[in-house]
Amino acid sequence: MARLILTRLVTLIPLMFLITSIVFFMVRFVPGDPARIMVGGQRISEQNLANIRAQYRLDQPLLTQYRLWVGDLLSGNLGRSYRQRTEVTTLIVERLPLTAKLSAFSFLLALLIALPLGVLAAVHRNTWIDVGATIFAVLVASSPVFFTGILLILIFSYTLGWLPALGAGEGGLDTVKHLFLPALTLGISLAAITTRVTRSSMVEALTQDYIETARAKGLPARIVILKHAFRNALIPIVTVFGLLFGFLIVGTVLVEHTFGLGGLGSLLIDAVQVRDYPVVQGATVFIAGLFILINLLVDVLYAIIDPRVRFGGKA
Amino acid sequence: MISPPLLEIDDLRISFATRTNDVRAVDGVDLAIRPGEVLGLVGESGSGKSVTARSIMRLVPMPPGKLVSGRILFHGLDLTSLPEREMEELRGSRIAMIFQDPMTFLNPLLTAGEQVSEAIRRHQGLDRIAARDEVLRLFREVGIPSPELRYGAYPHQLSGGLRQRVMIAMALSSRPELLIADEPTTALDVTIQAQILALLRDLQHDYGMSILLITHDLGVIAEICDRVAVMYAGRIVEKAPIDALFDDPEHPYTLGLMNAIPRPDLPDVAPQPIEGSPPDMAHPPSGCPFHPRCPYREQICIDDLPRMREVGPGHAAACHFAGSVAFKPLAPMYAPAAHR
Amino acid sequence: MAVDVAALAIPTTQEVVHSPWSMFWWRIRHNPKAIVGAVIVVLLLVVAITAPVIAPHDPTDGELADSLAPPGQGYLLGADKNGRDILSRLIYGTRTALGGALMIVIISEVIGVPIGIWAAYRGGWVDETITRVWDMLLAFPPLLLAFAVVAAFGPGLPKAALALGILYVPFIARVVRSVTLVQKEMAYTEAARALGYGQGRIIFRHILPNCVSPIIVVSSIDFAYALLDLAALSYLGLGVQPPTPDWGTMLSEGQLVLLTSPHVALAAGLAIVVAVLGFNLLGDGLRDVLDPRQAQR
């Protein structure tokens with residue numbers, strides 16, 4: 001198991017470096033003066049511009065900048081926002097809890113929708129349940145997550161008045177109420193994709209030989225489906241969830257913007273809109289790091305579920 | 001030979017619906033198994049033997065399968081019309097089945113012990129602890145060394161022979177009256193095959209259960225069967241006690257099967273495969289289904305479907321010439337007396 | 001629950017016995033996904049091409065007096081905040097959407113196809129590293145890096161499309177590489193080499209034709225993703241800039257007036273859904289048709 005983790009880290013850490021380096025070098029290759037760009041359209045004195053350049057090390061040779069920046073990263077310093085005059089790390093830490101709650105909530109809803117729906121669609125193959133689930137999945141998968149959110153706001157907030165549309169609420173139960181629509185939006189978008197995978201992987205599992213053995217033992221249908229088929233079907237499903245994390249990140253960013261939530265996602269978007277590059281850079285690095293972590297967790301999960309991954313070979 | 005049959009299959013007909021046609025997989029099978037008897041069901045792939053076996057336990061998917069007609073009586077109880085709940089009770093307890101390839105027929109995510117324990121808990125209502133003891137006892141009985149170790153092993157960690165023993169332990173856990181074995185040795189190495197067959201023989205003696213052994217290999221039949229039924233194109237074409245079958249085959253197909261076996265013990269005898277290939281069961285031939293490949297074919301074979309004809313005690317064949325023409329195999333075959 | 005678990009054990013198979021071409025057409029005709037998808041895509045193309053002809057109003061010129069007019073009375077789908085006809089904006093928006101997505105797909109293929117072939121031919125550690133890199137990149141969402149690009153270089157469709165085009169390269173390169181690897185080993189390529197044909201000729205006459213069907217399938221699916229990503233960027237104000245009509249920007253404008261005039265957002269959103277759906281279905285359907293391994297349902 002430890003070896004598994006190590007090998008995955010070895011492949012994933014270069015990715016992290018690749019991405020963060022791309023992000024780093026991008027702004028320094030922009031035509032024009034980076035310092036001026038960061039300032040935006042504001043009027044500013046030459047002296048202040050020079051100060052900015054010094055502060056962000058823009059007057060130093062490129063490689064020195066890179067070296068110092070990597071050093072910063074390794075010590076947890078993600079830079080300093082120009083617009084807000086705060087450490088990027090501080091900003092991230094401030095906003096992380098809300099994003100974490102939203103992501104977790106969405107993921108949970110996605111599981112609660114996709115898994116039962118996928119299993120039912122597989123078990124009642126080609127009946128209206130199956131067809132209905134597939135149509136739902138295809139339609140939602142074709143709708144950008146912000147449109148799904150707008151639709152939900154229209155229905156549940158403006159028409160029915162059940163749930164609040166924007167903002168994150170006061171905390172506790174109020175926040176849960178406020179987060180429900182955003183989480184549902186992201187959740188059903190995720191579910192749209194994972195339902196199809198759940199269904200096909202269940203169908204595949206149900207055609208396996210060991211299912212016949214389970215039936216020949218006289219096990220009731222429920223146990224055959226859940227204990228034997230579903231457990232095996234989980235393996236491809238878990239793989240997909242890993243790949244879907246990228247989708248979850250982007251979706252969270254968009255959903256936060258749509259619903260006016262003050263999380264990590266809106267931090268990123270706002271920074272992009274005002275060209276606050278240090279924040280963009282820092283946030284992207286942070287997200288890339290999360291990405292690595294989640295991928296690792298998925299691999300570990302994989303090993304937990306499938307004993308063939310845990311131990312190959314004969315006893 | 002006077003005890004009532006344990007299992008009776010009565011004019012069973014099963015077909016499968018495909019896009020274009022209906023395939024007649026089982027086309028009128030009559031079979032009976034007595035208590036304590038080992039009956040071999042032999043035929044090529046596509047002869048319908050596996051479908052027949054599975055239909056006993058109602059494991060055939062319906063659709064696309066369809067029970068056209070026939071009954072399966074177990075102690076007089078018609079299994080074809082039994083409610084599913086009761087069928088589930090029967091499966092794994094009074095009738096059990098072992099399959100061809102234990103690698104694919106065992107769940108890769110559950111330990112060997114768990115899969116056997118599951119069967120025990122299902123039918124005997126024991127708790128996990130008691131079930132585990134029973135599993136270990138069964139493992140010892142089927143010849144699995146270091147049972148405690150093997151209990152927690154996953155299928156991919158076991159050798160082919162061990163896996164098959166686990167399947168046997170699983171099937172025997174509730175002392176079934178009838179064990180159906182579908183090609184239990186085909187996926188195993190030759191040396192292991194002999195071991196598993198010997199194991200089945202011994203267990204059969206100890207438990208007194210009946211075995212329905214499905215195979216395409218006459219050699220396997222010779223090892224442990226008391227009686228044999230030969231199947232072709234969804235029908236039984238010959239049934240006989242094993243010695244009678246080998247001494248005096250009364251159907252050209254049986255003869256063909258015997259002649260097709262390589263005989264390493266007789267270097268001067270070259271095996272002679274049967275010409276042609278099995279029929280398309282969506283459009284079966286007229287008259288006797290074997291006639292396109294039969295060296296003894298006459299006009300009557302093309303016109304009329306032969307009925308089963310008694311040619312000796314407990315020996316019948318479905319050929320117009322059964323009993324009148326002598327079908328002599330190229331080389332004699334014997335069933336070892338060891339299992340009698 | 002009367003569930004026949006046994007019935008689930010049989011996968012349905014299709015038996016078709018025809019010549020390759022008639023088989024192809026038969027499969028397409030009997031594949032509802034491909035048909036519906038193709039119809040939608042063709043419709044979109046027609047709308048985009050004939051936009052000046054079919055649009056009832058000028059998409060950028062609005063009658064302020066008619067601001068936020070509901071559907072009906074002269075404006076089939078209503079008007080937006082600036083009094084511009086929504087239907088006309090949607091029609092012209094088709095051009096922007098398809099044009100942008102096309103740019104992305106073309107860029108990714110112009111770069112990706114050669115890289116895929118090259119990686120397959122090169123082999124060795126070059127191939128290994130390249131495949132490693134893009135395997136990792138595949139899971140990382142292109143949109144995130146597109147954000148960084150926009151932050152650095154400024155908003156606008158061309159820059160966003162270029163960035164996304166580059167980031168979409170792994171999708172196509174992977175497929176092309178697999179096909180090339182297989183084709184490289186085929187008998188007729190070996191024969192061609194033995195006859196002295198140059199590498200280039202082999203690539204053009206043997207490898208590329210075999211890449212065509214997988215490329216078509218991937219392109220269709222990439223189109224769908226491209227539409228979504230571009231819409232996202234425009235929605236955030238980072239892509240297409242006003243006053244160019246675009247579904248994403250219309251959606252964000254529509255959200256501001258959602259409470260009183262939902263028709264703006266609904267029209268724009270539905271346009272996106274239909275377009276993405278069309279390409280998704282087409283891609284899925286084509287994959288079923290062109291993939292020699294018949295998918296089991």
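Reader: Starting with chain A, how much of it is buried?
Author: Of the 315 residues in chain A, 43% are buried, where buried means that 20 or more other C-beta atoms, placed from the backbone, lie within 10 Å of the residue's own. This is a predicted model, in which local features need pLDDT of at least 70 and side-chain atom pairs count only at pLDDT 80 or more, while totals for chains, interfaces and linings use all residues. Residues are numbered from 1 along each chain as its sequence is written, and chains are lettered from A in the order in which they are written.

Reader: What is the mean pLDDT of chain A?
Author: The mean pLDDT, the predictor's confidence in each residue from 0 to 100, is 82 for chain A, and 92% of its residues reach 70 or more. Among the elements of chain A, the lowest mean belongs to helix α2 (residues 34-39), at 65, and the highest to α9(A), at 93.

Reader: How many helices and strands does chain A have?
Author: Chain A has 13 helices and 0 strands, taking helices (H or I, at least four residues) and strands (E, at least two) as DSSP runs numbered from the N terminus. Along its principal axes the C-alpha trace of chain A spans about 85 × 60 × 35 Å.

Reader: At what angle do α5(A) and α6(A) pack?
Author: Helix α5 (residues 88-123) of chain A packs on α6(A) at an angle of about 135 degrees, with the axes 8 Å apart; axes are lines fitted to C-alpha atoms, for helices over the stretch in contact, and angles run from 0 to 180 degrees between N-to-C directions. That angle makes α5(A) oblique to α6(A), since angles under 35 degrees count as roughly parallel, over 145 as roughly antiparallel, 65 to 115 as roughly perpendicular and the rest as oblique.

Reader: Which residues meet there?
Author: From α5(A), A:L117, A:L120 and A:A121 meet A:I129, A:D130, A:A133 and A:T134 of α6(A), where contact means C-beta atoms, placed from the backbone, within 7 Å.

Reader: And how do α10(A) and α11(A) cross?
Author: Their axes come within 7 Å and cross at roughly 80 degrees, and α10(A) and α11(A) are therefore roughly perpendicular to each other. The contact is made by A:T252, A:V253, A:E256 and A:H257 of α10(A) with A:G265, A:S266, A:L268 and A:I269 of α11(A).

Reader: Switching to the A and C chains, how many residues are in contact?
Author: In chain A, 48 residues are in contact with 40 residues of chain C. α10(A) gives the most to the side of chain A that touches chain C, with 10 residues. That side divides into 36 nonpolar, 8 polar and 4 charged residues, with Ala, Val, Leu, Ile, Met, Phe, Trp, Tyr, Cys and Pro counted as nonpolar, Asp, Glu, Lys and Arg as charged, and the others, Gly among them, as polar.

Reader: Over in chain C, is C:A119 buried or exposed?
Author: C:A119 counts as buried, with 23 C-beta neighbours inside 10 Å, and its place is in helix α4 (residues 86-122) of chain C. Leaving aside neighbours within four places in sequence, C:A119 is in contact with C:D127, C:I130, C:T131 and C:R177.

Reader: Last one: why is α11(B) largely enclosed?
Author: In helix α11 (residues 252-259) of chain B, 8 of the 8 residues are buried, so the helix is largely enclosed by the rest of the structure. Those buried residues pack against α9 (218-224), β9 (227-232), β10 (235-241) and α10 (242-247) of chain B.

Key: Two residues are in contact if their C-beta atoms, placed from the backbone, lie within 7 Å. A residue is buried if 20 or more other C-beta atoms lie within 10 Å of its own, exposed if 12 or fewer, and partly exposed in between; C-beta atoms are placed from the backbone.
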